[in-house]
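Here are my notes for a first look. Please read them beside the structure.

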Amino acid sequence: QLQLVESGGGLVQAGGSLRLSCAASGNLFSINSKGWYRQAPGKQRELVATITSGGSTNYADSVKGRFTISRDNAKSTVYLQMNSLKPEDTAVYYCNAKVGWRGNDYWGQGTQVTVSS
């Protein structure tokens with residue numbers, strides 16, 4: 001099976017930057033896409049960015065121009081570079097992978113990102 005482990009969260013001031021990492025292990029050959037979601041307290045989990053196995057990327061409108069998703073296939077790792085952070089970016093960030101023909105979701109444990117004013 002597939003396992004996802006996030007790292008890189010922390011506390012940063014508004015305007016600062018963080019880079020999140022998500023390392024995948026197990027069955028890596030059935031992954032259709034990987035991405036990042038986030039969930040703030042009392043809010044629904046929302047999509048932040050995705051990258052397909054072919055390298056195509058997609059971003060939520062709220063993060064376009066500030067966040068960049070990338071991958072290192074040799075390390076089976078996907079990254080989220082977050083620049084110009086805003087307090088409204090504060091959330092738990094979850095790594096996601098869509099697997100197999102059904103696109104079943106696999107999730108990491110989450111990493112906290114807190115942006116102070």
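1. The protein chain has eleven strands and zero helices. From the N terminus on, its elements run β-β-β-β-β-β-β-β-β-β-β. Keep in mind that this is a predicted model.

2. How does the radius of gyration of the protein chain sit against that of a compact globule? The chain has 14 Å. A compact globule with 117 residues would have a value near 13 Å, so the two agree. Along its principal axes, the C-alpha trace spans about 40 × 25 × 25 Å.

3. Take the contacts in the protein chain with a separation of 6 or more: 53% of them join residues 24 or more positions apart. Of the 117 residues, 39% are buried.

4. Now the surface and the charges. The accessible surface of the protein chain is about 6300 Å². Carbon and sulfur atoms account for 48% of that surface. The side chains include 12 positive and 7 negative ones. The centres of these two sets lie 3 Å apart.

5. Most residues other than glycine have a negative phi. Ser76 has a positive phi, near 50°. Ser76 sits in the loop between β7 (67–72) and β8 (77–82).

6. Where is Ser84? Ser84 lies in the loop between β8 and β9 (91–99). Ser84 has 42% relative accessibility and therefore counts as partly exposed.

Key: Residues numbered from 1 in each chain as written. Predicted model: local features only at pLDDT ≥ 70, side-chain atom pairs only at ≥ 80, totals over all residues. Heavy atoms only, no water. Helix = DSSP H or I, 4+ residues; strand = E, 2+ residues; numbered from the N terminus. Rg over C-alpha atoms; globule rule 2.2 N^0.38 Å. Buried < 20%, exposed > 50% of the residue type's maximum accessible area, 1.4 Å probe, protein only. Contact = heavy atoms within 4.5 Å. Areas by Shrake-Rupley, 256 points an atom, 1.4 Å probe, with all protein chains shown as cover. Lys, Arg positive; Asp, Glu negative; His and termini not counted. Charge placed at Lys NZ, Arg CZ, Asp CG, Glu CD.
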